[in-house]
Structure formats: structure tokens, C-alpha cells
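Please keep the sequence and the coordinates at hand while reading.

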Amino acid sequence: LLRPPPPRHVHLPGGNDGGVGDEPKPKGGAAATGWVGRLPPSLSPYARLMRLDKPIGSWLLAWPSFWSIGLAAAQGAPPDPWTLALFGSGAVLLRGAGCTINDLWDRDLDSKVERTRSRPLAAGEVTPASAVAFLGAQLSLGLGILLQLNTFSQALGAASLPLVVAYPLMKRVTNWPQAVLGLTINWGALLGWAAVHGSLDLGVTLPLYLSGVAWTLVYDTIYAHQDKADDVKIGVKSTALHFGSRNKEVLTAFALAHGAGLVLSGLAGGCGGAYYAASALGTSWLAKSIRDINLDDPKECGDFFVRNQWYGALIFSGIVLDRLM
């Protein structure tokens, strides 16, 4: 999925973003794979600018909202399919917009980093002016989705835009850009409930939101370890560098905080066994992964990041089963 980025990777929703899985490629453009690679040459760079060829970021952005929508469902009922579809589409567009913003800010830095120098803006396949116009189109479509929601949700969704715009700059000014990413990418934990009920139950949604922030700090810090050598050279900040030799201890603490947040949200939401079983299994997996991972192995770090899409699915499955049982 999704991590937001140090100066040369984007993510948004998700961790340095959406660049998970960006493989080093020769400067001058990247050969996209899958359906994106079959697009006309005039369209492929824009699809890659949105990271449509790397959907992990969209999943990481979508899951917290899906969790919230699931928890908002009445006992005995599944989550509303239309609401899920709106939020899923919005996740793709918002993640794409976040990647575009990130790449506009970082195009000069991206060109100096092996893993990101083939991104469309850094490689010169898309001009800054064209990227800005494309960003406007993405935001316009996103606004169209937001307007399908109730008035309270529209205001709450609009309130997240300053975070979306500011996040790409955070790696330049704070050692905690992953925390800002977490605040941004997990906004759906608040918005999903609001879309169903037209209000917020902070007893359910606030622990869920903060739990998501802690989750993001885990997966995106590990993702940032892929680029820590380049980050030091070009002066980019990250929690991966900030935590230093205590990375695993701090990440374990965040994993446990994530699990505690899920429990608190479940208690307030009247959840039962299926929810807590999924939460316990997922938190245990996070803790074990942190213990076993080699933070100096970029492939291991990237693989862990991508596996978090299935972690999100596990928690969502537990929520849905719990509501249906």
C-alpha cells in the first residue's frame, strides 16, 4: 500500500507514500508493469504519478475508514456497500493527489535518489504545470465524492486538507514526518463514522484514529529504513533515523499502543469476540514482525510494508464478522 515519503518518495495516504515498491530504474522514465504499462504513452506517466501501479498506498488510506464504517453499522447488519465504494474511490483519488503534491515538492530531490529518480516529474515525463493541472482534476473528482456525504462529513473531510498539503514538507522540518502522515492518512477513522451517522462518537472514533496513527508509525518507519542512507546524505528527516538504535523497542511500543486503541474503540462500540480475536491476532503479528525484521534489508522492509494491506483486511474482517454475529 501506501507510505508517505521522505523527500523523494510519496505516499498518502500513505507513508512516505505511495511509493512503496518503487524499484530503482534508469533515469528518463520507468517501464510500468501490469495494466498501467499497457496504457498509451501519453497516459502512463499520470497513472504512475498517482501510483496506480502500486495500490498499497490506497489500501492503507482506505482501511481506517472501512474499519470506522464497519463499526458504525448496526448490530446484525453489514457495512453499507455504497459508503464503502465512495470511500474506496476517495482513497484512490486522495492518495493520488497526495503523491502528486509530494512529487511536486520533491522533484529535485527525487532526481538524486536511485529509487525515485524515474518518477514522472523527476524524470521529466510530466511538467510541473501539467502536474498542477492534474492535481486540480484529482481534487475536483475528490470533491465530487465528498459532496455525496452529509453536511457534517463534508466539513470534517475538508478539515483534513491542510494535513494533506503540509505532510510532504514535514520531512524537512521535523523528525516525526511519519506521525504527521498518520494524522493524515487515518482521518477516515473519523470520517467513516460521520458518513454513516452524521456525527461523531468520540468514544469509538478517537481511539480508532489514534490507533491508526500508531499503526502508521510502525509500517511507515519500517518503510523509511529503505532510504535511510540517502536520507542522511540529502538531509531528510524520518522516525527511522530519529529512533536510532532503539527502533525496535519504540516500534513495539507503538504496536502495543495500536492494539490498545483497538480495544478501547471496541469497548465503546460494543464489540464482541470476533473483533477482539482479530485485533489480538493482528497486534501479535505486528509485534512479531518488528522483532524478526532486519531493518538494514530494504527488501524485508518493503515486503513488510506491503503486507500491511492484509493486516487492514484482517481487522476489517473481524469488525464485519462481529457485527453479523
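Arg323 has a relative accessible area of 5% and is therefore buried, a term that denotes under 20% relative accessible area, with exposed meaning over 50% and partly exposed the range in between (1.4 Å probe, protein chains only). Asp322 is likewise buried, at 6%. The side chains of Arg323 and Asp322 meet in a salt bridge, with 3.7 Å from N to O; such a bridge is a side-chain nitrogen of Lys or Arg within 4 Å of a carboxyl oxygen of Asp or Glu.

The model is predicted, so local features require a pLDDT of at least 70 and side-chain atom pairs a pLDDT of 80 or more, whereas totals for chains, interfaces and linings use all residues. Residues are numbered from 1 along each chain as its sequence is written, and side-chain values use heavy atoms, with hydrogens and water left out.

As to the overall architecture, the protein contains 16 helices and 0 strands. These elements are DSSP runs numbered from the N terminus, helices being H or I with at least four residues and strands being E with at least two. Of the 325 residues, 56% count as buried. The protein exposes about 12600 Å², and carbon and sulfur atoms supply 67% of this area; accessible areas come from the Shrake-Rupley method with a 1.4 Å probe, and for residues only the protein chains shown count as cover.

The salt bridges number 9 by the rule given above. Side chains of opposite charge can pair when their charged atoms come close. Which residues are linked with Asp103 in a network of salt bridges? The network consists of Arg51, Asp103 and Arg119. Between Asp103 and Arg51, the closest N and O atoms are 3.0 Å apart. Asp103 belongs to helix 4 and Arg51 to the loop between helix 2 and helix 3, so this pair ties together parts that are 52 residues apart in sequence. In the salt bridge of Asp103 with Arg119, the closest N and O atoms are 3.6 Å apart. Here Arg119 lies in the loop between helix 4 and helix 5, so that pair joins helix 4, where Asp103 lies, to a part 16 residues apart in sequence. Asp103 and Arg119 are both buried.

At 2% relative accessibility, Arg51 counts as buried. The loop between helix 2 and helix 3 also holds Lys54, which is buried with a relative accessible area of 15%. Lys54 and Val306 are 252 residues apart in sequence, while their C-alpha atoms are 9.6 Å apart in space. Another such pair is Gly302 and Tyr219, 83 residues apart in sequence and 9.4 Å apart from C-alpha to C-alpha. Gly302 is found in helix 16 (residues 298-324) and is buried, with a relative accessible area of 10%.

Why is helix 10 (residues 188-197) described as largely enclosed by the rest of the structure? The reason is that 8 of its 10 residues are buried. Among them are Leu190, Leu191 and Trp193. The buried residues of helix 10 pack against helix 3 (56-72), helix 4 (81-110), helix 6 (151-158) and helix 11, where contact means heavy atoms within 4.5 Å. Just after helix 10, Gly198 takes a positive phi of about 75 degrees.

The largest pocket holds about 540 Å³ of space. Of the 26 residues that line this pocket, the closest to its centre are Gly90, Leu94, Gly142, Leu146 and Leu191. Elements giving two or more residues to the lining include helix 5 (128-146), helix 7 (161-166), helix 9 (177-185) and helix 10. Helix 4 gives the most, with 7 residues. On a 1 Å grid over the protein atoms alone, a pocket is an open set of points where a 1.4 Å probe fits, with protein on both sides within 12 Å along at least five of seven lines, and lining residues have an atom within 4 Å of a point. Grid points are joined across faces, edges and corners, and the volume is the space filled by probe spheres set on the points.

Leu210 is in helix 11 (residues 202-224) and, at 47% relative accessibility, counts as partly exposed.
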